[in-house]
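Here's a quick walk through a protein model. Have a look at the fold, and then we'll go through its strands and its cores.

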Amino acid sequence: MTSVQLSGAGVAAVAFNNNNSLRLSQTSALRVGSSRRLSGSLVVKAATVVTPKYTSLKPLGDRVLVKLGVAEEKTMGGILLPSSAQSKPQGGEIVAVGGGRTIGDKKVEVSIPTGSQVVYSKYAGTEVEYNNSKHLIMKEDDIIGILESDDVKDMKPLNDRVLIKVAEASDKTDGGLILTETTKEKPSIGTVVAVGPGRLDDEGTRQPLLVSAGSTVLYSKYAGGEFKGADGTNYIVLKASDVIAELS
(Lines give C-alpha, C1' and ligand atoms only; values in the text may rest on other atoms or scores of the structure.)
Protein backbone atom coordinates (compact mmCIF):
# COMPACT_ATOMS: atom_id res chain seq x y z
CA MET A 1 0.00 0.00 0.00
CA THR A 2 1.39 3.37 -1.02
CA SER A 3 1.40 6.16 1.55
CA VAL A 4 2.78 9.66 1.86
CA GLN A 5 4.15 11.59 4.82
CA LEU A 6 4.27 15.33 5.33
CA SER A 7 7.36 17.25 6.32
CA GLY A 8 6.79 20.69 4.82
CA ALA A 9 4.86 23.58 6.35
CA GLY A 10 3.50 25.10 3.14
CA VAL A 11 -0.18 25.87 2.64
CA ALA A 12 -1.92 24.98 -0.62
CA ALA A 13 -5.33 25.70 -2.08
CA VAL A 14 -8.26 24.05 -0.34
CA ALA A 15 -11.09 22.23 -2.11
CA PHE A 16 -14.57 21.44 -0.81
CA ASN A 17 -15.99 17.96 -1.20
CA ASN A 18 -19.60 16.86 -1.07
CA ASN A 19 -19.81 16.37 2.71
CA ASN A 20 -18.73 19.90 3.63
CA SER A 21 -15.25 18.82 4.70
CA LEU A 22 -12.16 20.50 3.31
CA ARG A 23 -9.50 18.94 1.13
CA LEU A 24 -6.07 20.38 0.45
CA SER A 25 -4.87 20.10 -3.13
CA GLN A 26 -1.28 19.89 -1.93
CA THR A 27 0.19 18.74 1.38
CA SER A 28 0.71 20.95 4.43
CA ALA A 29 1.99 20.49 7.96
CA LEU A 30 -0.27 20.04 10.96
CA ARG A 31 -0.41 22.60 13.74
CA VAL A 32 -2.49 21.99 16.88
CA GLY A 33 -2.12 22.42 20.85
CA SER A 34 1.07 21.26 22.97
CA SER A 35 3.66 19.28 20.99
CA ARG A 36 5.13 15.81 20.64
CA ARG A 37 7.53 14.81 17.85
CA LEU A 38 6.86 11.97 15.44
CA SER A 39 9.27 10.42 12.93
CA GLY A 40 10.95 12.85 10.56
CA SER A 41 10.36 16.55 10.97
CA LEU A 42 6.59 16.50 11.55
CA VAL A 43 5.45 17.80 14.95
CA VAL A 44 1.91 17.01 16.11
CA LYS A 45 0.46 18.99 19.03
CA ALA A 46 -2.16 17.53 21.33
CA ALA A 47 -5.49 19.17 22.11
CA THR A 48 -6.55 20.02 25.67
CA VAL A 49 -8.95 17.28 26.81
CA VAL A 50 -12.11 18.38 28.65
CA THR A 51 -13.01 15.49 30.98
CA PRO A 52 -16.59 14.08 31.02
CA LYS A 53 -17.32 15.61 34.44
CA TYR A 54 -17.73 18.96 32.62
CA THR A 55 -21.03 18.91 30.74
CA SER A 56 -20.94 22.43 29.29
CA LEU A 57 -18.34 24.52 27.48
CA LYS A 58 -19.40 28.16 27.04
CA PRO A 59 -17.12 30.53 25.09
CA LEU A 60 -16.66 33.99 26.60
CA GLY A 61 -16.80 37.41 24.98
CA ASP A 62 -16.59 37.38 21.19
CA ARG A 63 -15.31 33.81 21.04
CA VAL A 64 -17.03 30.88 19.34
CA LEU A 65 -16.76 27.11 19.72
CA VAL A 66 -16.29 25.26 16.42
CA LYS A 67 -16.69 21.50 16.06
CA LEU A 68 -14.06 20.49 13.53
CA GLY A 69 -14.78 18.81 10.24
CA VAL A 70 -13.27 15.39 9.45
CA ALA A 71 -9.68 15.31 8.21
CA GLU A 72 -9.21 13.87 4.74
CA GLU A 73 -7.98 10.25 4.71
CA LYS A 74 -6.91 10.35 1.06
CA THR A 75 -5.20 12.80 -1.27
CA MET A 76 -7.08 14.13 -4.29
CA GLY A 77 -5.23 11.47 -6.31
CA GLY A 78 -6.63 8.71 -4.11
CA ILE A 79 -3.44 7.98 -2.10
CA LEU A 80 -4.26 6.76 1.41
CA LEU A 81 -2.80 9.05 4.08
CA PRO A 82 -1.50 7.79 7.45
CA SER A 83 -3.10 9.54 10.41
CA SER A 84 0.08 11.57 10.99
CA ALA A 85 -0.15 13.06 7.50
CA GLN A 86 -3.86 13.83 7.29
CA SER A 87 -4.45 17.53 6.74
CA LYS A 88 -5.92 19.57 9.55
CA PRO A 89 -9.47 20.58 8.57
CA GLN A 90 -10.09 24.29 8.09
CA GLY A 91 -13.86 24.21 8.48
CA GLY A 92 -16.50 23.08 10.94
CA GLU A 93 -19.79 23.83 12.67
CA ILE A 94 -20.47 26.60 15.18
CA VAL A 95 -21.84 24.82 18.25
CA ALA A 96 -21.70 27.65 20.83
CA VAL A 97 -21.06 31.39 20.91
CA GLY A 98 -20.02 33.88 23.58
CA GLY A 99 -22.09 36.76 24.88
CA GLY A 100 -20.39 39.33 22.64
CA ARG A 101 -18.21 42.32 23.46
CA THR A 102 -18.53 46.00 24.25
CA ILE A 103 -17.15 48.56 21.82
CA GLY A 104 -17.43 52.11 23.09
CA ASP A 105 -20.89 52.30 24.65
CA LYS A 106 -22.36 49.63 22.39
CA LYS A 107 -22.83 45.92 23.14
CA VAL A 108 -22.00 43.93 20.00
CA GLU A 109 -23.40 40.40 19.84
CA VAL A 110 -21.65 37.56 18.01
CA SER A 111 -23.14 37.67 14.50
CA ILE A 112 -22.68 34.00 13.57
CA PRO A 113 -25.60 31.74 14.58
CA THR A 114 -25.03 28.28 16.05
CA GLY A 115 -25.36 25.53 13.46
CA SER A 116 -23.54 27.53 10.79
CA GLN A 117 -20.92 25.74 8.69
CA VAL A 118 -17.86 28.01 8.62
CA VAL A 119 -14.33 28.33 7.32
CA TYR A 120 -11.69 29.82 9.62
CA SER A 121 -8.13 31.08 9.47
CA LYS A 122 -5.66 28.21 9.30
CA TYR A 123 -3.80 28.82 12.57
CA ALA A 124 -6.68 30.25 14.57
CA GLY A 125 -7.88 29.24 18.01
CA THR A 126 -7.14 26.81 20.81
CA GLU A 127 -7.89 23.14 20.17
CA VAL A 128 -9.86 21.20 22.77
CA GLU A 129 -11.28 17.68 22.82
CA TYR A 130 -14.83 17.84 24.18
CA ASN A 131 -17.56 15.17 24.10
CA ASN A 132 -15.13 12.88 22.25
CA SER A 133 -14.84 15.35 19.36
CA LYS A 134 -12.20 17.91 18.43
CA HIS A 135 -13.18 21.57 18.70
CA LEU A 136 -11.55 24.97 18.38
CA ILE A 137 -12.25 28.01 20.54
CA MET A 138 -11.47 31.14 18.56
CA LYS A 139 -12.31 34.82 18.12
CA GLU A 140 -15.27 35.62 15.89
CA ASP A 141 -12.92 37.63 13.67
CA ASP A 142 -10.95 34.44 12.92
CA ILE A 143 -13.97 33.09 11.02
CA ILE A 144 -13.39 33.78 7.32
CA GLY A 145 -16.90 33.07 6.10
CA ILE A 146 -20.10 31.04 6.31
CA LEU A 147 -20.66 28.16 3.89
CA GLU A 148 -24.16 28.30 2.47
CA SER A 149 -23.57 25.24 0.23
CA ASP A 150 -20.80 22.71 -0.38
CA ASP A 151 -19.20 25.00 -2.97
CA VAL A 152 -16.84 27.83 -2.00
CA LYS A 153 -18.40 30.13 -4.64
CA ASP A 154 -21.40 30.40 -2.31
CA MET A 155 -19.34 31.40 0.72
CA LYS A 156 -20.60 34.45 2.63
CA PRO A 157 -17.51 36.45 3.73
CA LEU A 158 -17.58 38.01 7.19
CA ASN A 159 -16.46 41.41 8.51
CA ASP A 160 -14.12 43.17 6.05
CA ARG A 161 -13.29 40.11 3.97
CA VAL A 162 -13.82 39.73 0.22
CA LEU A 163 -14.34 36.56 -1.85
CA ILE A 164 -12.61 36.80 -5.24
CA LYS A 165 -12.66 34.48 -8.25
CA VAL A 166 -9.04 34.36 -9.38
CA ALA A 167 -8.25 35.08 -13.03
CA GLU A 168 -6.72 32.15 -14.89
CA ALA A 169 -2.93 32.13 -15.12
CA SER A 170 -1.41 32.32 -18.59
CA ASP A 171 -0.34 28.98 -20.12
CA LYS A 172 2.45 30.53 -22.19
CA THR A 173 5.23 33.07 -21.86
CA ASP A 174 5.34 36.15 -24.10
CA GLY A 175 7.79 34.18 -26.27
CA GLY A 176 5.34 31.30 -26.72
CA LEU A 177 6.87 28.78 -24.30
CA ILE A 178 4.28 26.52 -22.63
CA LEU A 179 4.30 26.78 -18.83
CA THR A 180 3.72 23.89 -16.42
CA GLU A 181 1.43 24.27 -13.40
CA THR A 182 4.45 24.80 -11.13
CA THR A 183 6.00 27.53 -13.31
CA LYS A 184 2.86 29.56 -14.06
CA GLU A 185 2.96 33.01 -12.49
CA LYS A 186 0.52 33.36 -9.61
CA PRO A 187 -2.21 35.80 -10.71
CA SER A 188 -3.18 38.75 -8.53
CA ILE A 189 -6.24 39.84 -10.50
CA GLY A 190 -9.76 38.55 -10.06
CA THR A 191 -13.48 39.27 -9.94
CA VAL A 192 -15.20 40.03 -6.65
CA VAL A 193 -17.88 37.42 -5.97
CA ALA A 194 -19.08 38.55 -2.54
CA VAL A 195 -18.13 41.01 0.19
CA GLY A 196 -18.60 41.05 3.95
CA PRO A 197 -20.70 43.63 5.83
CA GLY A 198 -17.60 45.64 6.80
CA ARG A 199 -15.46 46.00 9.91
CA LEU A 200 -16.63 47.49 13.19
CA ASP A 201 -15.31 50.96 13.95
CA ASP A 202 -14.41 52.30 17.41
CA GLU A 203 -18.08 52.95 18.15
CA GLY A 204 -19.25 49.48 17.11
CA THR A 205 -20.76 50.60 13.79
CA ARG A 206 -20.21 48.64 10.59
CA GLN A 207 -18.22 50.49 7.92
CA PRO A 208 -19.29 49.34 4.41
CA LEU A 209 -16.54 48.16 2.08
CA LEU A 210 -15.42 50.23 -0.90
CA VAL A 211 -15.44 47.26 -3.30
CA SER A 212 -18.57 45.53 -4.55
CA ALA A 213 -19.53 42.22 -6.17
CA GLY A 214 -18.81 42.12 -9.90
CA SER A 215 -15.77 44.43 -9.75
CA THR A 216 -12.48 43.34 -11.31
CA VAL A 217 -9.68 44.08 -8.86
CA LEU A 218 -5.96 43.91 -8.30
CA TYR A 219 -4.91 42.55 -4.91
CA SER A 220 -1.71 41.98 -2.95
CA LYS A 221 0.07 38.96 -4.34
CA TYR A 222 0.62 37.00 -1.13
CA ALA A 223 -2.52 38.01 0.78
CA GLY A 224 -5.45 35.88 1.92
CA GLY A 225 -6.35 32.20 1.84
CA GLU A 226 -6.74 30.20 -1.37
CA PHE A 227 -9.61 27.80 -2.05
CA LYS A 228 -10.85 25.60 -4.89
CA GLY A 229 -14.48 25.43 -5.92
CA ALA A 230 -16.34 22.22 -6.76
CA ASP A 231 -15.50 22.69 -10.46
CA GLY A 232 -11.80 23.36 -9.82
CA THR A 233 -12.09 27.16 -10.09
CA ASN A 234 -9.61 29.06 -7.90
CA TYR A 235 -10.89 31.54 -5.32
CA ILE A 236 -9.21 33.65 -2.68
CA VAL A 237 -10.60 35.27 0.48
CA LEU A 238 -8.73 38.31 1.78
CA LYS A 239 -9.13 41.49 3.77
CA ALA A 240 -10.56 44.44 1.85
CA SER A 241 -7.39 46.37 2.74
CA ASP A 242 -5.43 43.89 0.56
CA VAL A 243 -7.41 44.98 -2.52
CA ILE A 244 -5.18 47.68 -3.98
CA ALA A 245 -6.97 48.80 -7.17
CA GLU A 246 -10.17 48.41 -9.19
CA LEU A 247 -9.78 47.66 -12.90
CA SER A 248 -12.11 48.72 -15.70
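Two strands count as paired if DSSP finds at least two bridges between them. With that in hand, take β11 and β12 in this predicted model: they run antiparallel and are joined by five bridges. The two form a hairpin with two residues between them, and Asn 131 in the turn has a positive phi of about 55°. Tyr 130 sits opposite Ser 133 in β12.

| Pair | Sense | Bridges |
|---|---|---|
| β11 and β12 | antiparallel | five bridges |

Zooming out, the protein has 22 strands and zero helices. Of its 248 residues, 40% are buried. Among contacts between residues at least 6 apart in sequence, 62% link residues at least 24 apart. The accessible surface is about 13700 Å², and carbon and sulfur atoms account for 49% of that.

Now for the inside. Which residues of the largest nonpolar core touch the most other members? They're Val 64, Val 66, Ile 94, Met 138 and Ile 143, out of 15 residues in that core. β6, β7, β10, β12 and β13 each supply at least two residues, with β6 giving the most, three. Beyond its sequence neighbours within four places, Ile 143 contacts residues including Val 64, Ile 94, Leu 158 and Arg 161. There's also a second, separate core of twelve residues, among them Val 211, Ala 223, Ile 236 and Ala 240.

Definitions and conventions: Residues are numbered from 1 along each chain as its sequence is written. This is a predicted model: local features need pLDDT of at least 70, side-chain atom pairs count only at pLDDT 80 or more; totals for chains, interfaces and linings use all residues. Side-chain values use heavy atoms; hydrogens and water are left out. A nonpolar core is a set of buried Ala, Val, Leu, Ile, Met, Phe, Trp, Tyr and Cys residues joined through side-chain atoms within 4.5 Å. Buried means under 20% relative accessible area, exposed over 50%, partly exposed in between (1.4 Å probe, protein chains only). Helices (H or I, at least four residues) and strands (E, at least two) are DSSP runs, numbered from the N terminus. Contact means heavy atoms within 4.5 Å. Accessible areas come from the Shrake-Rupley method with a 1.4 Å probe; for residues, only the protein chains shown count as cover.
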